[in-house]
Amino acid sequence: MSSGDSAGNGFGTVQWPTEIRLKKDDKRLEVDFDDGSRFSYPAEFLRVVSPSAEVQGHNPSQKQTVAGRRHVGIMRVEAVGNYAIRIVFDDLHDSGIFSWKYLYEIGRDQQQLWADYLAELQAKGLSRDPGRR
């Protein structure tokens, strides 16, 4: 797997998590990395950037825009080997494997990824709110 594959299997990981905190009430996951970086990920953000095939597709043209997840929460976080976590969301989505590398990259790029997501929703006439287009 190339080091450019951000949703990859964890090989090529440079930064490793030192602490992972699930803040269920805040609908947020916090991760500290060994280089001193600390990221706080809203559940909605993690859900819409899930590395699952259901969201990302099998190639860029198949990527889905996930709408209506403003209120999504995280039920639990499960270890996947020593290279990733599986996040189980309260909308029952649980097929994304978040490698340490992917979590670091989306944390680092969170502001731009979120802006791109909001622009994509607007361009497609979709809403963050459940039940609305």
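## I85 and its strand

I85 sits across from F98 in β6. The residue is also the β5 bridge partner of A79. Strand β5 covers residues 84–89 and pairs antiparallel with β6 over 3 bridges; pairing here takes at least two DSSP bridges between two strands. Strands (E, at least two residues) and helices (H or I, at least four) are DSSP runs numbered from the N terminus.

This is a predicted model, in which local features need pLDDT of at least 70 and side-chain atom pairs pLDDT 80 or more, while totals for chains, interfaces and linings use all residues. Residues count from 1 along each chain as its sequence is written, and side-chain values use heavy atoms, leaving out hydrogens and water.

## The β4-β5-β6 sheet

Put together, β4-β5-β6 is the order of an open, antiparallel sheet. Strands β4 (74–80) and β6 (97–99) each have a single partner, so one side of each lacks a neighbour in the sheet.

Another open antiparallel sheet runs β1-β2-β3. Its edges are β1 (17–23) and β3 (38–42). Strand β2 (residues 28–33) joins β1 through 6 bridges, with E19 partnered by D32 in β2.

Helix α3 packs on this sheet, touching β1, β2 and β3 (contact means heavy atoms within 4.5 Å).

Key: Axes fitted to C-alpha atoms, helices over the stretch in contact; angles between N-to-C directions.
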